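Here are my notes on the model, as numbered points. Please read them beside the structure.

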Amino acid sequence: MRMTKVMMAATVATVVSAVAVGGYWLGRARTLQPTERGRSEEPAAGLDETEHDSRLAGALGRLEGRMAALEIKQATATAPTAAAPEPAAAPPAPAKNEAPDPAAEEARHLEGEARIQAVLRAEPRDRAWASPTEGNLRATIDTVVSEGGKFAVKDVKCLTSLCEMVLSANAPDDLKYLTDQLSPKITGMGSMELLPPTVGTDGRATVTCRFFRQGYPRPDEGLL
Amino acid sequence: MRKLKLAGSVLAACVGVGVAAPHLASAAISLHPSVCVLAQNGAPFGAISGATYANATFTNSSGGTALAYCPMPFENSLPSFQITTTSAGTSCTLQQNSIGGAVNVFFGSHSGNSWTFTPGLNPQYVFQAACPLANGTGIRHIMNF
């Protein structure tokens, strides 16, 4: 009787394992990419011809779209005096595995910058956070300078969700390591952005640093 | 009858787990920290010797505190990065270059020895993690998930 129970348990375990392995392979087959399928399988025998045609039509449509985009780019490249149209809305991020389009990327970047500028113009000031945070940022720069940094705070302004700080230096090279010098010393922020330095006619360099408060969404979220 | 129902439920659960397992297994990209480089912890932040790699761990054996820079793999459908160190006493950041020469630094969140970043970014830029490491500490794991 005892032996029969053991055999029954063994049989059940074997059946369960077989079903689980079968399920695993079934799931794995479903996750194969189309390219992987192409390597290992013939086209599905039961593939509907209409579906096949619609896929071809879709691919043809995408190719035509890309050709049209290339023609537009070529036309704008050969006519530099033509004014570039204002981007009406942020272009969507490139789809998975799609090559980036430099023009679309630039438009997204400009849209992100416009959103940050809008916040800098209109956001109210959270005094309880802004004042001490400005003090902390100045103190952070003092610390970096005491460790060898060759720059000074020209201006710092905090609002509610972000701060903007302008640093100046005698030469652009003095700002070369700013990212690594500042990163470990910043606290209470979700992220920071360092814009490329600009050089004045006197050779002095300035850089704008933006600090985005922790827990607040960045104005340019999704557009970086 | 009850036993039959129980057996049916067990079989259904097994099929479900089997089907779901490949999906779960594919939802991350891991990178060995052997790709990290060790740099001086201060200007000019240049590469230094003293990094060792054993037991799948990148270790700062330079004799002093140094910076580890690790390239981060990025797959568009996997929005988060995680870097795990051997010690909680550090502060990793995620750096990203951007159009026109701007640099973004993400401070992320911290739990135990792991630092997680979800920057919500475009995929085509270069990402790297930067972690100051005391002598003898290191990086265990890098993941995009």
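1. The link of B:Cys92 and B:Cys131 is right-handed, with 115 degrees about the S-S bond. The pair links distant parts of the chain, 39 residues apart: B:Cys92 sits in the loop between strand 6 (81–85) and strand 7 of chain B, B:Cys131 in strand 11. Their sulfur atoms are 2.0 Å apart; a disulfide here is a pair of cysteine sulfur atoms within 2.5 Å. Helices (H or I, at least four residues) and strands (E, at least two) are DSSP runs numbered from the N terminus.

2. The model is predicted: local features need pLDDT of at least 70, side-chain atom pairs count only at pLDDT 80 or more, totals for chains, interfaces and linings use all residues, and side-chain values use heavy atoms, without hydrogens and water. Residues are numbered from 1 along each chain as its sequence is written, with chains lettered from A and ligands numbered from 1 in the order written.

3. B:Cys92 is buried, with a relative accessible area of 1%. B:Cys131 is buried too, at 0%. Buried means under 20% relative accessible area, exposed over 50%, partly exposed in between (1.4 Å probe, protein chains only).

4. B:Cys36 and B:Cys70 form a disulfide, sulfur atoms 2.0 Å apart. This link is right-handed, with 105 degrees about the S-S bond. It joins distant parts of the chain, 34 residues apart: B:Cys36 lies in the loop between strand 1 (29–31) and strand 2 (37–40), B:Cys70 in strand 5 (residues 66–71). B:Cys36 is buried at 7%, B:Cys70 at 0%. In sequence order, the bonded cysteines of chain B pair 1-2, 3-4.

5. Chain B has 1 helix and 12 strands. Of its 145 residues, 43% count as buried.

6. The second largest cavity holds about 50 Å³. A cavity is a set of points on a 1 Å grid over the protein atoms alone where a 1.4 Å probe fits but cannot get out; lining residues have an atom within 4 Å of a point. Its lining includes A:Asp180, B:Leu67 and B:Pro132. Strand 7 (93–97) and strand 11 (127–133) of chain B each supply at least two lining residues.

How values were computed
1 Å grid on protein atoms, 1.4 Å probe; cavity = no way out; pocket = protein on both sides within 12 Å on 5 of 7 lines; lining within 4 Å. Points joined across faces, edges and corners; volume = space filled by probe spheres on them.
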